[in-house]
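Thanks for letting me look through this one. Here are my notes, written so that you can follow them with the model open beside you.

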Amino acid sequence: MPGDAIVIRGARQNNLKNLTLAIPGGELVVVTGVSGSGKSSLVFDTLYAEGQRRYVETFSPYARQFLDRMDRPQVDAVEGIPPAIAIDQTNPVRTSRSTVGTMTELNDHLKLLFARAARLHCRGCGKPVVRDTPQSIYESLLQVPSQRLVISFPVNIPKNFTEKEVEQLLQRQGYTRIHARSKGRLEVIQDRIRMSSAERARVIEALESALRVGQGRVNVYPEKSGSDPDFSVWRYSSGLHCADCDIHYSEATPAAFSFNSPLGACETCRGFGRVIGVDFGLVVPDEAKTLRQGAVRPWQSPSFRECQDDLVKYAKKRGIPLDLPFNQLNSFQKNWVLEGEADWQSWRKSWPGTWYGVRRFFKWLETKAYKMHIRVLLSKYRAYTECGACHGTRLKPDALLWKLDGRSIHELMLLPVSRVNGFFQSLNIDDEAADLVLREIRTRLGYLCEVGLGYLTLDRQSRTLSGGEVQRINLTTALGTSLVNTLFVLDEPSIGLHPRDMGRVIGVMQRLRDAGNSLVVVEHDPQIMFAADRILDMGPGPGERGGEIVFFGAPEKLKAEASLTGEYLSGRRQATHARNEAPASKFLQLLGAAEHNLKNLDVRIPLGRLVCVSGVSGSGKSTLMQNVLYPALLRAKGRPTEAPGAYRELKGAELVSEVVLVDQSPIGKTTRSNPASYVGAFDCIRDLFSRTEVSKERRYTAGTFSFNSGNGRCPSCGGNGFEHVEMQFLSDVYLRCPDCDGRRYRAEVLEATLRGKSIADVLDLTVSEAASFFKNEPKVLGKLTPLVDVGLEYLRLGQPVPTLSGGEAQRLKLAGHLAEKKMGSDPILFLFDEPTTGLHFDDVAKLLRAFRQLLQAGHSLVVIEHNLDVIRSSDWILDLGPEGGDAGGELVCEGTPAQVMAHPSSPTGKALRDYEKAFTRPVEQKESGSVPVLSNAIRIHNAREHNLKSIDVEIPRGRFTVVTGVSGSGKSTLAFDILFAEGQRRYLESLNAYARQFVQAASRPDVDAIFGIPPTVAIEQRTSRGGRKSTVGTLTEVHHFLRLLFVKLGTQYCPDCEVPIEPQSEEAIAARILREYRGETVVMLAPLVVNRKGVYTELARWAAAKGYTQLRVDGKLLPVRPFPRIDRFKEHSIELPVGYVKVS
């Protein structure tokens, strides 16, 4: 066993079967296996959780509460694990304020650079606005040495002064000559000079005086002789002021270039770049209708029918066709309907007589928005449109006037990262501070290009990124930290990446490994698998049949293994499926698509076929399918949708009945959702249970067997099966419900059984077991069969959806559509966005079989995909490219897989050819010792922090090093201010910006470079004594844990009788009675008096009037008529027996 290995003993997380293994440090290890085999459980829930948790525990309790807190894994021991950083596909961002620029922190650096180095250009004349000094003005006047010049300055006349009074004041200061007069302003002459003969000192002094008295402004007039006056003037200003246009500007600050700051954000849209307004696409959803038929949808309801009558009346008057489809009206006629007539003034002045139009109707509606039903109506026809004030730039107009080398910050945001990188590589700035920022920008842009994201724009919203793009952005952060001795955990970095670009990501991962880090990567792509140092194959099956190690060793040896992965890698088994060779007869055509980088694209999609849209990253695949085709089809079907991207024409929409988009968005986060409810099987199962004998006897309905609502669920946990306990600065704890023992239902509901199984037992069955159990129930079996078809037969019916892996969730969506769209339904067009995400070769084969089922049912499929097995199995390929970003958006080729393979310039064709050869190519043996051996030391170069004199230090790693010296010699500066601060800062840079603001990381030390530094922990002396409330308990944090322990587990007792105090709900009391007094008769007592003195004859009379015959006084039942006299001076407790209940 290697000395620096990460050793895991007895891992039992989720479905792991008590695994014990050693993962060598400093290597690239790929973990593979079928979906649900336990890859994520081992890599993320065990390895990363423990590595991250141990390092984060070195932070203060305050800081820890803002960091991602991982649950302690179910494992006996994890030894030798370094601090861990996860680079996964999850995109936590949902706000439209987050962009690629903010996510990579490039926006933060750009706003610093623009505030420091950008030049201001006037909004009026477009000329650069510079601060003029007497020296710079003198230099510019030297250009006209022979010209006689008049140096003057403007003086504004205040409102409380007359022109004569101002002139008198000027005369007292020696200014007696006026060059020009205008309303409210005097042009006062400072001096007359000829540059060829004037002394420099005289000119400078005149300019200084003019700037001082003219409040920073000076005008220079060339003096002409003769009768031809020349009114040209040269204006100068010492402030940020355009002298020609007389416009003042404010100083540039970093906040002015941020749309997330109130100082820089557009005041209309508040930095979002768009505003909510009326979407005419929703107002007129079906443009095939005429105005008379009701093209304007909101006017077809009885409430606004009179508006439809107004439309018909005024359209006849103005000659607008009422029986022509809306999409055939000309632009003037459409504008008349939607915008109304141009001479409209107001409702009081113009109505009736002038047509108001749709937009003014909605403006009138907004005045009634205090009514709830009006707000609901408005919400149906509103959508986001580009902000008219900032035109989508998100910034105030003045921020766009500052330019670097002719480009504003927004212009840079709209360029692809590759072009922005080229711009900054060629930019030169003579400013040391700005150059530091520029270097950081170049580094980050370079990393983005390295991982294949050069096609993204910095303005792209983070929430629109795919999981693979998010992961590669996070990978650039990992590169930027330059850490060593760190465990990096990655989740399928190949997602969304064309096979051509896979080498880039492999190179990045190898760089991280060569720097001295350990990488554990969950991956299914053969290129990355063969680039690994070792492969860990999990299996042999999914779910309960997984959780074991099938193979762990060198990649080249896996081909010879009998495992499922080995059979696919060697070509003995293939994931491809037989294609439909017959030519298609029906086509869907999208013509002139020009959204984003699409270049007037015409595509023809054969219907009833599996069509694959391929191409390199950023070539326009998602734009074509999600931004243009999908909304265009929805609009053609008269369904509400946001405005589709630019296109010229859509043909053949009538050939499909509807369109369904299955994308990568998560199914949901609620633990109440499970596979059975998602495909609709749970409704049928509950209906079966409601027809059992016990259910009929007790009048149980299908709702009784729901754990989401109704009376059947456990009242203590609300049907969750567990209690969620928040633990403040620790991970939250989920405890099994003590009342239902995690079964979610009341005990009496579980007595209703179907062939010996209760509803809780059925939810605990796997899909395959349930299919066998309900084989004679066609409704249930019909809903469960799609789960088996897509390879999810190992899931339990009641397994919470959030616990599913990414690949399982994708296939569950597909199963949901298979369950809904069975044979014989109208033809549907399904659009899939990378459905092979997270899928093993064997899972891809099952997915293709499910696709063929949909095709056999008469449906059509369009799939965006990079997986070569899916591309090879498709009936038709649309290959976009040839590159990403601006160089993409064209149709490189289209045809069958064989035709694309034969295309000489198609990257997809080349990848398919190479993939075919890979199965026949002999196994290449890797050279041993390919990983470079780096210096095992922390090297500090040119440290100047505090009193350090540009020192170079090399500190060996894995050794005990003592730093000594006289007081004040720089020991703490070296150890804490440089080593500790830099190691912790680099680790924190891998965290999100929100968490970092609470951790208070140290600033970057004054040092040229630090190489080979791992994440660091400081154990230092207290620099100040604690207060009176500081104890050993608070210092060691034991007190915090004790407080939490007593709050969560302690029981409160009555101070007098020492009886435990427990709150009980009605449902909990009823459940306890049913559990503890089954078969007995119990009496229900209502306490009326507790330990009070008196005779209470009035109380007995009240009870008798209500129909009660007895009261229980001090434990004895007494009649209310006649009520015996009780001791007035003794404390009594009186209860009212409200009923006798036989508990069954």
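How many cavities of 30 Å³ or more does the structure hold? Before the points, a word on the basis: this is a predicted model, in which local features need pLDDT of at least 70 and side-chain atom pairs count only at pLDDT 80 or more, while totals for chains, interfaces and linings use all residues. Residues are numbered from 1 along each chain as its sequence is written, and side-chain values use heavy atoms, with hydrogens and water left out.

1. **Cavities.** The answer is four. A cavity here is a set of points, on a 1 Å grid over the protein atoms alone, where a 1.4 Å probe fits but cannot get out. Grid points are joined across faces, edges and corners, and a volume is the space filled by probe spheres set on the points.

2. **Lining of the largest cavity.** Lining residues have an atom within 4 Å of a point; here they are N107, F257, F259, T393, L395, I409, H410, M413 and D459. Helix α14 (residues 409-414) gives the largest share, three residues. Helices (H or I, at least four residues) and strands (E, at least two) are DSSP runs, numbered from the N terminus. Five lining residues are nonpolar, three polar and one charged. Ala, Val, Leu, Ile, Met, Phe, Trp, Tyr, Cys and Pro count as nonpolar, Asp, Glu, Lys and Arg as charged, and the others, Gly among them, as polar.

3. **A helix pair.** Take a look at α5 (residues 134-141) and α7 (residues 200-213), whose axes come within 9 Å and cross at roughly 125 degrees. Axes are lines fitted to C-alpha atoms, for helices over the stretch in contact, and angles run from 0 to 180 degrees between N-to-C directions. The two helices are therefore oblique to each other (angles under 35 degrees count as roughly parallel, over 145 as roughly antiparallel, 65 to 115 as roughly perpendicular and the rest as oblique).

4. **Their contact.** With contact meaning heavy atoms within 4.5 Å, P134, Q135, I137, Y138 and E139 of α5 meet R200, V203, I204, L207, E208 and L211 of α7. Seven of these residues are nonpolar, one is polar and three are charged.

5. **Backbone points.** The G539 to P540 peptide bond is cis, with omega near 0 degrees, and P540 sits in the loop between β21 (534-539) and β22 (548-553). R394 is not a glycine, yet has a positive phi of about 75 degrees; its place is the loop between β16 (382-386) and β17 (402-404).

Conventions
1 Å grid on protein atoms, 1.4 Å probe; cavity = no way out; pocket = protein on both sides within 12 Å on 5 of 7 lines; lining within 4 Å.
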